[in-house]
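Good morning, everyone. Please have a look at the model on the screen, and then we will walk through it.

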Amino acid sequence: MNRILHATGFAAEKHKQQRRKNADATPYINHPIEVAEHLARIGGICDEDVLIAALLHDTIEDTHTTYEELVDHFGKRVADIVLECTDDKSLEKAERKRLQIVNAPKKSSEAKCVKIADKTSNLSSIISDPPRDWDIQRKKEYFEWAERVIDGLLGENDALDAYVKEVLACGKASL
Ligand code: ZN
C-alpha cells in the first residue's frame with residue numbers, strides 16, 4: 001500500500017507541468033491514476049508491481065525520469081514493465097506507431113495488461129472528452145491504429161479484453 005502511495009506521489013511530481021489535450025486541459029496525472037484504477041477495478045489485478053507500473057507507465061517516455069531511477073525507487077520488476085510500455089522517442093512518430101503494432105504481441109503479460117488499460121483510457125477520452133484540436137478523421141485513424149495494437153495485447157485478462165472491445169465498438173458506432 002505504501003509503495004502505491006509512493007508511486008502516486010512520484011508520478012504526480014514528475015508529471016506536474018503536464019496537461020492532457022482535452023478542452024479542460026486536465027492534469028496529466030489523472031491519466032495514469034485512471035489506468036491503475038482500471039486494472040484493479042475492471043481487471044481484478046492486485047499485483048502491486050503491476051499497479052505501480054501503471055501509475056508510472058508514462059514517466060520514462062514523457063518526463064525526464066530514467067529507468068535507473070525507477071529501479072532505485074520501485075525495484076527492477078516495476079522498472080522493466082514501465083520500460084516495456086515506453087516508446088523510443090528518438091524515432092519518428094510513424095515508426096513508433098508501427099513498432100507498437102509489431103511489438104505488442106511480444107510484451108510480457110504484465111506490460112500487455114498495462115498497455116491495454118492505457119489504450120482503454122485514451123480511447124475512452126477520445127469518445128467522451130477528446131483533444132481540443134482533433135477532427136473526426138484523426139479520431140477515426142487513432143481508433144483504427146489502436147485496434148491493431150490491441151489485437152496483439154489480448155488474451156491476458158478476459159475482463160480487460162471485454163471492456164476494451166466495448167470501447168472500440170462504442171468508438172466505431174459514434175465516430
Ligand atoms: Zn498512458
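Which residues in α3 are buried? They are D49, V50, L51, I52, A53, A54, L55 and L56. Buried means under 20% relative accessible area, exposed means over 50%, and partly exposed is in between, with a 1.4 Å probe and protein chains only.

A word on the source. This is a predicted model, in which local features need pLDDT of at least 70 and side-chain atom pairs count only at pLDDT 80 or more, while totals for chains, interfaces and linings use all residues. Residues are numbered from 1 along each chain as its sequence is written, and side-chain values use heavy atoms, with hydrogens and water left out.

Back to α3, which covers 48–56. Helices are DSSP runs (H or I, at least four residues), as are strands (E, at least two), and they are numbered from the N terminus. α3 is mostly covered, with 8 of its 9 residues buried. Those buried residues pack against α1, α2, α4, α5, α6 and α8.

Now the core. A nonpolar core is a set of buried Ala, Val, Leu, Ile, Met, Phe, Trp, Tyr and Cys residues joined through side-chain atoms within 4.5 Å. The largest one has 44 residues. L39, L56, L70, F74 and L123 touch the most other members. Elements giving two or more residues to this core include α1, α3 and α10. Take F74. Contact means heavy atoms within 4.5 Å. Beyond four places in sequence, F74 touches R3, H6, A7, F10, I52 and L56.

Next, the rings. Rings of Phe, Tyr and Trp (its six-membered ring) pair if their centres lie within 6.5 Å; planes under 30 degrees apart are stacked, over 60 edge-to-face, and the rest tilted. That rule gives 3 aromatic pairs. Why is the pair of W134 and Y142 called tilted? Its ring centres are 5.7 Å apart and its planes are at 50 degrees, so tilted is the word. Y142 also pairs with W145: the centres are 5.3 Å apart and the planes at 65 degrees, so this pair is edge-to-face. Y142 and W145 sit 3 residues apart in helix α9, about one helical turn. Ring pairs link W134, Y142 and W145 into a cluster. W134 and Y142 are buried, and so is W145.

Y142 brings us to the largest pocket. On a 1 Å grid over the protein atoms alone, a cavity is a set of points where a 1.4 Å probe fits but cannot get out; a pocket is an open set with protein on both sides within 12 Å along at least five of seven lines; lining residues have an atom within 4 Å of a point. How many residues line the largest pocket? There are 37, and R20, K21, Y28, N122 and Y142 lie nearest its centre. The largest share of the lining, 9 residues, comes from α8.

Last, two loop residues. P131 lies between α8 and α9. P131 is buried, at 13% relative accessible area. Not counting residues up to four places away in sequence, P131 touches K21, N22 and I126. T26 is in the loop between α1 and α2. T26 is buried too, at 18%. Setting aside neighbours within four places, T26 contacts R19, R20 and D129.
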